[in-house]
Amino acid sequence: MKKVVLNNCYGGFGLSDKALELIAKRKNTTDRISHWGLERDDEDLIAVVEELGTEAEGHCAELIILEFDEGIEYTISEYDGSESIDYYVPVTMEELAQGLSITKLDLAGKYNNLKLV
């Protein structure tokens, strides 16, 4: 399963200083880490949010971790800081022409969204 971190309230995604310090430590760097530079599926980000819980949240943030199947891609949308996720199964024209694999057909049935890539 893949995991991704989202902000679940108005205000915006943000991390506490404690969370940023732990992420830097996990990445073995003395450079200052910014939440803007982290991918939402970053394994260190996910581990720190799981470890700290609400202590990982920055000002006006309510962080949640969503899990979904391997092979699924996503986009994050936000409105006034509150985020939502759109899942999709990436497919190519060649796959469409030749027929989707059983795995991709199963994922498409589960997530109801294909995206031509």
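Reply: A residue is called buried when its relative accessible area is under 20%, exposed when it is over 50%, and partly exposed in between. The model is a predicted one.

Me: With that cut-off, is K2 buried or exposed?

Reply: K2 is found in strand β1, which covers residues 2–7. Its relative accessible area is 17%, and the cut-off for a buried residue is under 20%. K2 therefore counts as buried.

Me: Which backbone oxygen lies 2.8 Å from a polar atom of the side chain of K2?

Reply: Leaving aside residues up to four places away in sequence, K2 touches L66, E67, F68, D69, E70, G71, I72 and E73. One of these residues also supplies the backbone oxygen that lies 2.8 Å from a polar atom of the K2 side chain, and that residue is I72.

Me: With which side chain does the side chain of D69 make a polar contact?

Reply: D69 lies in the loop between β2 (63–68) and β3 (73–79), and with a relative accessible area of 15% it is buried. Beyond four places in sequence, D69 touches M1, K2, L107, K110 and Y111. The polar contact of its side chain, at 2.7 Å, is with the side chain of K110.

Me: Why are the buried residues of α1 placed on the same side of the helix?

Reply: In helix α1, residues 17–26, the buried residues are A19, L20, I23 and A24. They lie on the same side of α1 because the arc they cover around the axis is only 135 degrees.

Me: Against which element do the buried residues of α1 pack, and which exposed residues does the face turned away from its buried side carry?

Reply: The buried residues of α1 pack against α2 (43–52). On the face turned away from that buried side, the exposed residues are D17, E21 and K25.

Me: Which elements give two or more residues to the nonpolar patch?

Reply: The nonpolar patch on the surface is formed by M93, L96, L114 and L116, which together have about 390 Å² of accessible area. The elements that give two or more residues to this patch are α3 (93–98) and β5 (114–116).

Me: What is the relative accessibility of L96?

Reply: L96 has its place in helix α3 and is one of the residues of the nonpolar patch. L96 counts as partly exposed, because its relative accessibility is 43%.

Note on methods. Residues numbered from 1 in each chain as written. Predicted model: local features only at pLDDT ≥ 70, side-chain atom pairs only at ≥ 80, totals over all residues. Heavy atoms only, no water. Patch = residues over 30% accessible without salt bridge, like charges linked within 9 Å, V, L, I, M, F, W, Y side chains within 5 Å. Areas by Shrake-Rupley, 256 points an atom, 1.4 Å probe, with all protein chains shown as cover. Salt bridge = Lys/Arg side-chain N within 4 Å of Asp/Glu carboxyl O. Helix = DSSP H or I, 4+ residues; strand = E, 2+ residues; numbered from the N terminus. Buried < 20%, exposed > 50% of the residue type's maximum accessible area, 1.4 Å probe, protein only. Polar contact = N/O pair within 3.5 Å; in protein donor to acceptor, adjacent residues only side chain to side chain. Contact = heavy atoms within 4.5 Å. Arc of directions from axis to C-beta.
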